[in-house]
Amino acid sequence: TPGTIFKLTGCGGKVNIDGTLTGLGTEENPIAFTSLKDDTRGGDTNGDAAASAPHPSDWGYVHFNTGSTGTLEHVFFGYGGVGCSGYDTYTMLRASEALVDVEYATFDAYRWNAVYSAEARLKIHRSKFRNDLSDNPMAIRNAGSRLWVDARHNWWGDASGPYQLTRNPFGTGAPVTDLVWFLPWAVHESGTEVNQVLVDGPKRV
């Protein structure tokens, strides 16, 4: 439902999907996954007035497990990515051998990874990542070896596009790993694009 706010906290603040999750917000009323301490969305839920403020890694992640599917539009992810055990991946959105489509999402205030993919068919389009966060965390980490993450048409925080060691080493936007296809990217936060060419990329995304 547009405007739905999920406020999560600590190691137990995780959403695991084993079936299908469809979350369709709107530009005016996005769906939010955020910290319990985030008073800017849904008010002072924890009832402590200004005594607490949200920080990166306040809660865990949304995880699409093996075989699950998802469609997310106009969604905010912020202040997540806590890891409390050796197998956690320190991310806000995680997809493992799942089929997930994301559009018009905003990823903010993360510490290690905004998105983590493990052999998922993951598409993230027309979304926004920050390039001015502390320690320059990874926007999209693809831990798989077979499938590319389709991350075209996104704003990476700078007109030069995302930093990627081999395919865009001069980009100063939020960084991504290998096997993330990011061309074309938006050159303005509004989503404006121009013609762009890279010499190497996937045969199929």
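A charge sits over a ring if NZ of Lys or CZ of Arg is within 6 Å of the ring centre and within 35 degrees of the ring normal. In this predicted model, Arg41 meets that description, lying over the face of Phe76 at 3.6 Å from the ring centre.

Turning to the aromatic rings, the model contains nine aromatic pairs. One of them joins Phe77 and Phe107 in a stacked arrangement, with 5.2 Å from centre to centre and 5° between the planes. This pair bridges distant parts of the chain, as Phe77 is in strand β6 and Phe107 in strand β8, 30 residues apart. Both Phe77 and Phe107 are buried. The two also take part in a cluster linked by ring pairs, together with Phe6, Phe33, Phe129 and Trp156.

Strands β6 (69-78) and β8 (99-108) come up again at the largest pocket, where each supplies at least two lining residues. The space in this pocket is about 460 Å³. Its lining comprises 22 residues, and those closest to the pocket centre are His74, Tyr104, Thr106, Arg126 and Lys128. Sorted by class, the lining holds seven nonpolar, nine polar and six charged residues.

Note on methods: Residues are numbered from 1 along each chain as its sequence is written. This is a predicted model: local features need pLDDT of at least 70, side-chain atom pairs count only at pLDDT 80 or more; totals for chains, interfaces and linings use all residues. Side-chain values use heavy atoms; hydrogens and water are left out. On a 1 Å grid over the protein atoms alone, a cavity is a set of points where a 1.4 Å probe fits but cannot get out, and a pocket is an open set with protein on both sides within 12 Å along at least five of seven lines; lining residues have an atom within 4 Å of a point. Grid points are joined across faces, edges and corners, and a volume is the space filled by probe spheres set on the points. Helices (H or I, at least four residues) and strands (E, at least two) are DSSP runs, numbered from the N terminus. Ala, Val, Leu, Ile, Met, Phe, Trp, Tyr, Cys and Pro count as nonpolar, Asp, Glu, Lys and Arg as charged, and the others, Gly among them, as polar. Rings of Phe, Tyr and Trp (its six-membered ring) pair if their centres lie within 6.5 Å; planes under 30 degrees apart count as stacked, over 60 as edge-to-face and the rest as tilted. Buried means under 20% relative accessible area, exposed over 50%, partly exposed in between (1.4 Å probe, protein chains only).
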